[in-house]
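Dear colleague,

I am passing on the structure we spoke about, and below it I set out what was found. Please keep it open beside you while you read.

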Amino acid sequence: MATKTYNPKAWLFVLPVVILVAFNALIPLMTVVNYSVQETFGDNVFFWEGVGWFEQVLHSERFHASLLRQLSFTGIILAIEVPLGVAIALTMPRRGPWVSVCLVFMAMPLLIPWNVVGATWNIFALPDIGLLGRGINAMGIDYNFTQQPLAAWFTTILMDVWHWTSLVVLLAYAGLRSIPDAYYQAAKIDGASGWAVFRHIQLPKMKRVLTIAILLRFMDSFMIYTEPFVLTGGGPGNTTTFLSIDLVKIALGQFDLGPAAAMSLIYFMIVLLLSWIFYTLMMRNEDQ
Amino acid sequence: MRKATWLAPTLYILFLMLPIYWLVNMSFKTTNEILNVFTLWPQNFTLENYEKIFTDSTWYNGYFNSLAYVLLNTAISVTAALPAAYAFSRYRFLGDKHLFFWLLTNRMAPPAVFALPFFQLYSAVNLFDTHIAVALAHTLFNIPLAVWILEGFMSGVPKELDETAYVDGYPFWRFFLRIFMPTIAAGIGVAAFFCFMFSWVELLLAKTLTAVVAKPIAATMTRTASTSGYELGLLAAAGTLTIVPGAFVIYFVRNYIAKGFALGRV
Amino acid sequence: MSKISLKNMRHSYLANPAADADWALKTMSVDWSDGGAYALLGPSGCGKTTLLNIISGLLAPTEGTVWFGDKDVTNVPPDRRNIAQVFQFPVVYDTMSVYDNLAFPLRNRGVSEDDVDRRVREIATMLELDGMLTNRASGLTADGKQKISLGRGLVRDDVSAILFDEPLTVIDPHLKWVLRSKLKELHQRVGTTMIYVTHDQTEALTFADQVVVMHEGTVVQIGTPVELFERPRHTFVGHFIGSPGMNVLPCELEGGSPLFGGITVPTSQPIAHRPGGERLEIGVRPEFVTFAPEGIPVEIVRVSDAGRFSIVDTRHGDHSIKLLAPEGQELPSEGAHIRFDPGHTQVYADGWMVG
């Protein structure tokens, strides 16, 4: 790392970015904070509420339930997408004309608007008109994600795997590509097994990009809203009502701005905290 | 052993393509066929759905609206991120590390949290239902990403390049535009790709900040699905059309994808 | 340990090689005797690394066979060939300590921990790595890493050859010499066959007993440094080895002697008659060209000082001829003539020596 020179004028360079992001982040954040400590009965009349909303949200079973659903969902999709993505990256060709073909096809789901993803999966999985729904029912399994909680979870998770595993694949593949051929050749001569090559050559080189992959997948899956909302609408019942969906229901559906704002902040803090812990742990590992 | 390695990527791509195939398949069917018979490919092949989209201005305007704010956002994000990324990669200054982390935290902000305050903010400044509103709102998560990617690419350029240019008497802005930017052209391309991608796929904010004039195509789609009954063929055709720009963009950057996903440094 | 032989071997990276140029390696049969120190010398892209990878088993030749002693190993994978290879860029396993790096090839082969420990310590001492066995390998300097790569080869007692693929490329200049002498010393101590790929003639000539010179996928000559110098079998060898390289001049044959610009150039033995249609050339090194009262008339173009002697550029018609003059020798001012030493003047047909 080259040493950087101290230059207070550098602030001028970052000023446009700071202004833009501050306008978009700080003002809405202040609004949210403002709501979270007030009560309103409409007509823009507000009363000081203190930390009441926070206490209410933190103790509400509804919040606990959606948080638990959210954690389970994020845990499951990470447990599937990361190993699967790495496995696919490992089996991809290292060079040749097929590389571009693979990459182009794999990147496709990433560039589809999120509600189109939801809509696509909706018509793909519907038991009467969808290929997947028909297929599963044809195998003799009773499957209807609009009515069975288990089927709804299965479909939501499958959709997320479909949508996002490629991100892990592409990141892992970028890491793998940076390994010179000589490493594989030396390992062959040293008699290393496939597992040893993975453990001592491929995994260490992928560590950085995998950190990014896990961090991105964690953050994005924790914020997931559009896809499951379009697919299941949070149902059947509340079974796929994740944090964001619940939040929007409270804020826009019931217009309970105070609790919604308090919940937003708690929710934001959770994402921030978990990301920070994870990032720090990974970076400390790297320094050793 | 060697032989079977093509199997996994092939199966995976097949899995990725199936739902897309189903969508495209449905877009060429009549509503009648979709609802009454189950067919693996269109029996009564029709372009009716596409015809409707291309002739109805609420539909095709949605398309232009989406492209307008996405391109606007990409331009704003990359332009603002360039000097900032340069500052982060070359200089130390008061609060630099905290600032970088603060920028990144904005990527972690759930859009659902900001939906309502955004609506109020942009209404207050009279920008509600304009392209620029969505473009500005999307900078919230695209600028941090663009800064991050560009900083990675810039740190890979040796500082000697800057110093040589100064010694040769280049004024800073000419150096930046004529020498530095061409050097990291790949990085700019990658950053633009990511900005395009995230702005194109995001809908919650785009929908919240628009009503009629700047309504994105994907939002027009959901409205149709709910209001005019279940016109599935039309919905599928509109969905198919939203995939097209993405597919184009991927095709153009296909050789940079792997590098881009490494964010410039592995 | 055993002799390594390549029999009627050739290789192409293309699926359906047709033209001559499609072959990265053209048909060759080469023997590498047990315990020899070989250098594989040639410019970039001449097929050195390909040849090395065929010996180590990383590549299978398109045609022909590879033998270790009396065993055909053409289709034996590298880990069962008893070969070690050191690459251009150091390969170390970043997550492991120096000790674990050295132990890695042994552990992969199921050697008992006691033997592993004994061998690793022995090799570490030999390579002067004992002080840093517990360090993380990723923190070492380039030469330290290259020593580890070498150590992973030496640590196995079943290795019959160690292959080096330009191992000093990334080493600091002042350490190159140290590491090269270390290699030479190791070769004498362990007596393993070593094949050292390089494009640098100094490296090749100082390291090897036998130098194998390659040019465009062909082995053009195998010989001791002295043989390469005195009797280059191909004009390429004459050019490539020696500084400055051999003078190569077009000639005709008349009555068993070459004619250059109408002047007969004497050789030690008469040249047999050649069929027509070939490109005939005389080759003579600058070391064996002297000024003489009569012979080939030349004009002196330039003189440059190279320490104990001067390099004199002369010209006869369109042809440039270099010669070495001892320091302090007075150069003829006008009407200079030069003569070639008959014992070191060769004739080449289409590049290959014919007498």
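In what order do the 4 strands of the open sheet in chain C stand? Before the reply, please bear in mind that this is a predicted model. The order is E2-E1-E4-E5, and the pairing is antiparallel. Strand E2 (25–32) and strand E5 (71–72) of chain C stand at the edges and have a single partner strand each, so one side of each is left without a neighbour in the sheet.

Within this sheet, strand E1 (residues 4–11) of chain C is joined to E2(C) by 5 bridges, the two running antiparallel, and C:His11 stands opposite C:Leu25 in E2(C). Helix H1 (residues 48–56) of chain C lies across E1, E2 and strand E4 (63–68) of chain C, at about 125° to E1(C).

Turning to chain C as a whole, its domain assignment gives domain 1 (4–237) and domain 2 (255–353), and the centres of these domains, taken over C-alpha atoms, are separated by 39 Å. Their contact takes 7 residues from domain 1 of chain C and 8 residues from domain 2 of chain C, and the residues on the domain 1 side divide into 2 nonpolar, 2 polar and 3 charged.

The contact between chain A and chain B takes 74 residues from chain A and 81 residues from chain B. On the side of chain A, the largest share, 14 residues, comes from helix H1 (residues 10–36) of chain A, and by class this side has 55 nonpolar, 15 polar and 4 charged residues. These two chains also share strand pairing, in that 2 bridges join strand E1 (residues 5–6) of chain A to strand E1 (residues 91–92) of chain B, which run parallel, and A:Tyr6 has B:Arg92 as its bridge partner in E1(B).

With best wishes

Methods
Residues numbered from 1 in each chain as written. Chains lettered and ligands numbered in written order. Predicted model: local features only at pLDDT ≥ 70, side-chain atom pairs only at ≥ 80, totals over all residues. Domains from an automatic or database assignment. Contact = placed C-beta atoms within 7 Å. Nonpolar A, V, L, I, M, F, W, Y, C, P; charged D, E, K, R; others polar. Pairing = 2+ DSSP bridges. Axes fitted to C-alpha atoms, helices over the stretch in contact; angles between N-to-C directions.
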